[in-house]
Amino acid sequence: MQKQQQYNFIWTLLLCCLVAINGRELREGENYAELTDNNNNISADSNSAEQPLRKPSAADFSDEDEDEDYGLNMTVWNDNSWDVLVFTQQWPVTTCYHWREQDPTHDCTLPQKKEFWTIHGVWPTKVGHFGPNFCNNSAKFDEHQLQTILDSLNTYWPDLEGASSQDWLWKHEWLKHGTCASLLDALNGELKYFGQGLKWREEYTIANILDAAGIHPDSNNSVVTINQALVRGLGKNPSIHCLFDGKHDISYLAEIRLCFNKSLELINCDGINRDVMAVHFQDGTVNTNCHISSPVHYPSVLPPLLRKQPWKFPVVDFYKLLQFLMWFTF
């Protein structure tokens, strides 16, 4: 009779353990589904023309430009004409956050300095359109032409993918955008093209402009406030771009774009980009894809990466528990 009671005790305890395991797996599965749904809601507000870069595919360097950065079919230009240069600086934390939400295994190499914007690109643009792109299909990328500015490129125009990407960002920017910019004598070569981007990064330091207005990482500000700070520092109207977390209804500051004419003079970005709205208010106009009525978050660090896989009961620990119960009852 006592043996039977011991057997009943063991099986009851094991049954309780299994019920607890299944319940926890169910809760973890719900959390996993919520996280997956959250990933699907990390996107660009409106239809941002150039979202943070993904790994390249063969299509990036083909004649037919269904561009992965834009996510849109681009206009095919016969004459490769363009009107302005769009100089884009990106906030690395937001870029990396977007990448990581798309792929939890993704890792980024972020600048060590806290308030440090990096260059995304210099993009020749026809007013009201995207592009042109890939203006010379026979062009090659030669890193050796950049030897004299490599240190500056690694600092101010880094590939956030890190060393393993092997200067893919520079190659991409040159073949896609530099070959179009090179129609201008001042930019007709890799050294001139990338060197001009570095000059603009030094002259128009976004972190310093925002800092002067009291806008720092970890703050929430309206896009109007950010725009007013930039206009005071630049003297011209920029374009402000956000990435939007639809699950939590948060806009993250992602990119600041400045516009230049063919004389390399800073001009207003009004009416230039098709992927933003021009929002008029009493003191001016905001060119943005951010939500006007919601705060824009300027993140200082990446949010913690939550575990994506459902919880599994460790077999070894289960075996040890079974041994302990057998020892305890027998």
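**Overview.** I began with the secondary structure and counted eight helices and ten strands in the chain, where helices (H or I, at least four residues) and strands (E, at least two) are DSSP runs numbered from the N terminus. I noted that this is a predicted model, in which local features need pLDDT of at least 70 and side-chain atom pairs count only at pLDDT 80 or more, while totals for chains, interfaces and linings use all residues. Residues are numbered from 1 along each chain as its sequence is written, and side-chain values use heavy atoms, with hydrogens and water left out.

**Cores.** I then looked at the nonpolar cores, meaning sets of buried Ala, Val, Leu, Ile, Met, Phe, Trp, Tyr and Cys residues joined through side-chain atoms within 4.5 Å. The largest has 49 residues, of which Trp117, Trp157, Phe194, Leu210, Leu230 and Leu253 touch the most other members. A second, separate core has six residues, among them Val86, Cys259, Cys269 and Ile272.

**Aromatic pairs.** I found twelve aromatic pairs in the structure, taking rings of Phe, Tyr and Trp (its six-membered ring) as paired if their centres lie within 6.5 Å, with planes under 30 degrees apart counted as stacked, over 60 as edge-to-face and the rest as tilted. Because tryptophan 91 lies in the loop between E2 and helix H2 (92–102) and tryptophan 117 in the loop between H2 and strand E3 (118–125), the pair ties together parts that are 26 residues apart in sequence. Tryptophan 91 is buried at 1% relative accessibility, and tryptophan 117 is buried at 0%.

I turned next to tyrosine 97 and tyrosine 252, whose ring centres are 5.1 Å apart with planes at 65 degrees, so this pair is edge-to-face. The pair links distant parts of the chain, as tyrosine 97 is in helix H2 and tyrosine 252 in strand E6 (residues 250–260), 155 residues apart. Tyrosine 97 is buried, with a relative accessible area of 8%, and tyrosine 252 is also buried, at 9%. I also recorded a cluster in which ring pairs link Phe87, Trp200, Tyr204 and Phe260.

**Helix H2.** I checked the burial of H2 and found ten of its eleven residues buried, so the helix is largely enclosed by the rest of the structure. Its buried residues include Tyr97, His98, Trp99, Arg100 and Glu101.

**Glutamine 89.** I finished with glutamine 89, which lies in strand E2 (residues 84–90) and counts as buried at 1% relative accessibility. The side chain of glutamine 89 reaches the backbone oxygen of tyrosine 204 at 2.7 Å. Leaving aside residues up to four places away in sequence, I listed what glutamine 89 touches, including Trp117, Arg201, Tyr204 and Glu255.

Definitions and conventions. Buried < 20%, exposed > 50% of the residue type's maximum accessible area, 1.4 Å probe, protein only. Polar contact = N/O pair within 3.5 Å; in protein donor to acceptor, adjacent residues only side chain to side chain. Contact = heavy atoms within 4.5 Å.
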